[in-house]
Amino acid sequence: MSDPSLAPALYACVYQPPLADSACSAANVLTELAEAFSPRYERHGVPLVIIDIRGLDRLIGSPSTIGGELRREAAARGLRAHIAIARTRTAAMVLALSSPGVRVADAGQEAEALAPISINILEKLDQDLASGSTLQARGVPVPTPDARSPKPADAVLAVLTRWGIRTLGEFAALPSADLAARLGRDGLAWQVIARGEDTRPLVPSRADERFESALELEWPIEGLEPLSFVLTRLFEPLSTRLEARDRGAAALHIELGLVTRERHQRSLELPSPLRDVRTLRTLALLDLESHPPAAAIDRVAITIDPTPGRVLQHTLFTRPHPTPEQLSTLLARLGALMGQDRIGTPAQVDSYRPGAFEMKPFAIERELQPQSSQRSRSSQNGLQPKNSAVSACSAADVTTALRRCRQPVPARVAVGGDGRPVRVTTDRRGFAGGGVTACVGPWRTSGEWWQTNTRDRSHASEGWDRDEWDVALNDGAVYRIFRDRSTEAWFVEAIVD
Amino acid sequence: MPLPLRTPAQPETPRPDRESLIAALAARQLDRTLTTSLAPIDPADETAIGATNIPSLDAQLGGGFPRGQLSELVGARSSGRTSMLLQMMAAATTRGELVALVDALDMLDVSSAAAAGVDLDRLLWIRGHVVSNPGLCRDMNQRAMEQAVRALTLVLQAGNLGLVVLDVGEAPAEALRRLPFTTWLRLQKMVEGRQTMCVIVGNEPMARSSAGLTVLVGARQADGASGFSPKTDVVSGFSRTKTVGKFSDRLFEGFDLTARVVRARMRQYEDSVASFSTAVAHHV
């Protein structure tokens, strides 16, 4: 669910020290307070709540401003809470437990912010972990301690006290290897906490909202055109809900109930968070065009896996790219037209096999910066004046390319006395061939011969053992040809172009 | 006796001045045919020109290939057209642009593209089903060609790509000839006004008057001449020029090539010739 393109993580911890009235009421007030700021919060056993406030800086302001706002809201609810804000959940919690008021740890300075705090704070954290079971017994969802949760801190604290360790900073500075040798994994786990590092992500107490919608049809429908109206009707409220929650669809699940009592299910992984009704409907219809249901439809259900919304800031200095909606639609249309395996981004593979490559899905979510040196070079090129009809010859600045025949063309090659090709002809129209005017080779390559006896006899897994030649023919064409050493057959593999 | 008809005196219409005439011609896209007074393009304007990063060619083209026009890169087999195309694609991806390649015959060599400097992450590769030797399956091949053109249309409709290429370099001539001529006019209309360079790579010119720029690639003679006679090549349908690669004792080293502008909207660039060489990346 986390999107790396979003702002960095930011957590606020609100801790209410024990009051005269019941802790349960304070915990409920804290929950209300957390819900007023973010749907992603984590309740703990002691009256303490950790709120995921990532992105609130665009709405409220700096972390200090958010802390002030939290404090004002808590005061309005009758609480005098400790509030801390940090990039890690653990640092925020330790800071809130240790001191009143509003504390903000600078980004990347979490360990420094915790350093002066007494190691006795670990006892409070220990109580918090232990009280989780109490809340669970009352039906309140709390994060389950994972295997990495340290055991009670008493024993560790006793040893640390004997060593003369007084603060979290001194504890954090101890060599980890030596600490593990003496205190085991528990000691290391407590040290990670002392450094303000998180050992697990935030586990929201409130389950994520489900985005699903279904419609029972009075009359079964056949064909995709009437289905598009039904899909629009289902997508519109879902899109509105996604927009209200600042969410986008990461995946789309369509379940069609058929009159034959069968279910036709399709799932679409979307390349970027989307919530535009027309785009979602088009993508769904394009997929169903490729995978049509076998019978008439009497029920349509849609489920959307939500993901945080996309924040996109266009700049004046980079070239605009297609929007994710345009790109998703384009890829879906191209996939329906050409076949899903025929579109994408090529990638080189770690193999010596000639012409080896793989296809990856095309995505533009990551922004690659243009190379400034190349850019300046191209600008200079553009500014060169046109001074003559025939320019001076530039240096070899273009790489010779191949046009590769995916299926090598069988060829007849006449070989001279020295073993060099003297004539290349094929039966393939367009590859008439001719006499060889120049040639270089042979270059012998072989590989993956150890896979030839496996069951998988596909072309990609077969071994190769061959002699390659680059030949220029008298018609001006230059080919890369090879002789398969196992069959003694010749093939044209590529055109040098 | 009928009265003689009297025609009222026609008011004398003012003669249009030169600017309004040029504007009217430009509106009907007849400007290139009848005038040569197109406004010059600033070679430093990256929104109007896409450099190929071949310095000699860019200098002859006034900065590079024009955006918003249908351009052609024409050459015979082993003429260096693919090397030049990959260089253009590398230049575009270096500028941060996205490139789409509709590879009608599925002949792209990925290693060559990487060696040329193409940022593969920015390349949308659409692999077609056209075959160079359809045999008895000509209709199927024709459908595959139309499919490739349809894919090109979809990519152009999406917009905001820096370079869109249709590579029909080894396609059978009859498959291309059976495409309606309006195809190229439609593509030209689609790309007009956009910041996209649309390039068609082929054996011979296809788009004719729809093309904004046609560059013919061929061999350079040993004495440094261009390798084709400007007048006869245009008239006689771009006769194939033999390309001779450079061979050393043990290696194929590349080509010495020339690229000649045989058609350009900006007429001052027509018949200009650029020379360049290609070198083999030895791991390809």
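**Where chain B meets chain A**

A:Gly344 sits opposite B:Trp125, a residue of strand S5 of chain B. The two strands involved, S10 (residues 343-347) of chain A and S5 of chain B, run antiparallel and pair over two bridges; pairing here takes at least two DSSP bridges, and strands are DSSP E runs of at least two residues, helices H or I runs of at least four, both numbered from the N terminus. The model is predicted, with local features needing pLDDT of at least 70 and side-chain atom pairs pLDDT 80 or more, while totals for chains, interfaces and linings use all residues. Residues count from 1 along each chain as written, chains are lettered from A and ligands numbered from 1 in written order, and side-chain values use heavy atoms, leaving out hydrogens and water.

As for the contact itself (heavy atoms within 4.5 Å), chain B puts in 94 residues and chain A 84. Together the chains bury about 7700 Å², 53% of it on carbon and sulfur atoms; this is accessible area (1.4 Å probe) lost on being put together, summed over both parts. B:Arg77, B:Met107 and B:Arg127 supply 9% of what chain B buries against chain A, more than any other three residues.

Six salt bridges cross the interface, each a side-chain nitrogen of Lys or Arg within 4 Å of a carboxyl oxygen of Asp or Glu. One of them joins A:Asp497 to B:Arg81, at 2.7 Å from N to O. Elements giving two or more residues to chain B's side include helix H4 (81-94), helix H6 (138-158) and strand S10 (252-264) of chain B.

Conventions:
Buried area is the accessible area (1.4 Å probe) that two parts lose on being put together, summed over both.
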